[in-house]
Amino acid sequence: MQILYREYDKTDTTPITYLMSELGYSVNEEELKFNIQEIQNMGGTVFVAESNGRVLGCICTLIDARLAEGVYGELVSLIVAEKFRGTGVGKGLVEVGEQWIGKRATRIRVRANEIRSDTHAFYKYLGYRESKTQKIFIKNVYLPS
């Protein structure tokens, strides 16, 4: 199977929306397009893996800076179609993301939901080490109109 790794274009919205639903994320195409545009506006990008015109997976790359930790690249939203997991598609997407980040930062961070033990093993296999466990808190903020 020949796989092409490339940057996202708008024709990828529908298949990425479907991929996200495979992992239990409920996002519609308009929300996804908006989110990707915001990622790009903040200097990040999305890559896809494609074979014979079919999107098999995607990954998002970001640059983040923190007061204590400094600058990190982040790999987020790695998704591979269930049928193609274990075929090297995910590893290829991570490598493309690492190359992109390597031109912008010297360290890469990955966050994985605690329930995704297969994902934890995958990243450890690729040489990532577990750093810490956190809880995430979210609060909606509404700006006055």
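How many helices and strands does the secondary structure of the chain come to, and which residues of H3 are buried?

Modeller: The model is a predicted one. Its secondary structure comes to four helices and five strands, which follow one another along the sequence in the pattern β-α-α-β-β-β-α-β-α. The C-alpha atoms fill a box of roughly 45 × 40 × 30 Å along the principal axes. The radius of gyration is 16 Å, which agrees with the value near 15 Å that a compact globule of 145 residues would have. Of contacts between residues at least 6 apart in sequence, 58% join residues at least 24 apart. Buried residues make up 34% of the 145 in the chain. The accessible surface comes to about 10,100 Å², and carbon and sulfur atoms hold 51% of that area.

Against this background, H3 can be described. Helix H3 has 14 residues, and the distance from its first C-alpha to its last is 20 Å, close to the 20 Å expected at 1.5 Å a residue. Its buried residues are Val-89, Gly-90, Gly-92, Leu-93, Val-94, Val-96, Gly-97, Trp-100 and Ile-101. The cover over these residues includes the strands S1, S2, S3, S4 and S5, together with helix H4.

Beyond its neighbours within four places in sequence, Leu-93 is in contact with Tyr-5, with Phe-47, Val-48 and Ala-49, with Gly-57, Cys-58 and Ile-59, and with Leu-78, Ile-79 and Val-80.

The charged side chains complete the picture. The structure holds twelve salt bridges. One of them joins Glu-22 and Arg-85, with 3.5 Å from N to O. Glu-22 belongs to helix H1, whereas Arg-85 sits in the loop between strand S4 and helix H3, so this pair links distant parts of the chain, 63 residues apart. Glu-22 is partly exposed, with a relative accessible area of 29%, and Arg-85 is partly exposed as well, at 39%.

A further salt bridge, at 3.1 Å from N to O, is formed by the side chains of Arg-111 and Glu-74. Because Arg-111 lies in the loop between strand S5 and helix H4 while Glu-74 lies in strand S4, the pair ties together parts that are 37 residues apart in sequence. Glu-74 counts as buried because its relative accessibility is 6%, under the 20% limit. Arg-111, by contrast, is partly exposed, with a relative accessible area of 39%. Both residues belong to a network of salt bridges that also links Asp-64, Arg-66, Glu-69, Arg-109 and Lys-132.

Another salt bridge brings together the side chains of Asp-12 and Arg-6, at 2.7 Å from N to O. Asp-12 and Arg-6 are both buried.

How values were computed. Residues numbered from 1 in each chain as written. Predicted model: local features only at pLDDT ≥ 70, side-chain atom pairs only at ≥ 80, totals over all residues. Heavy atoms only, no water. Salt bridge = Lys/Arg side-chain N within 4 Å of Asp/Glu carboxyl O. Buried < 20%, exposed > 50% of the residue type's maximum accessible area, 1.4 Å probe, protein only. Helix = DSSP H or I, 4+ residues; strand = E, 2+ residues; numbered from the N terminus. Expected span 1.5 Å × (residues − 1). Contact = heavy atoms within 4.5 Å. Rg over C-alpha atoms; globule rule 2.2 N^0.38 Å. Areas by Shrake-Rupley, 256 points an atom, 1.4 Å probe, with all protein chains shown as cover.
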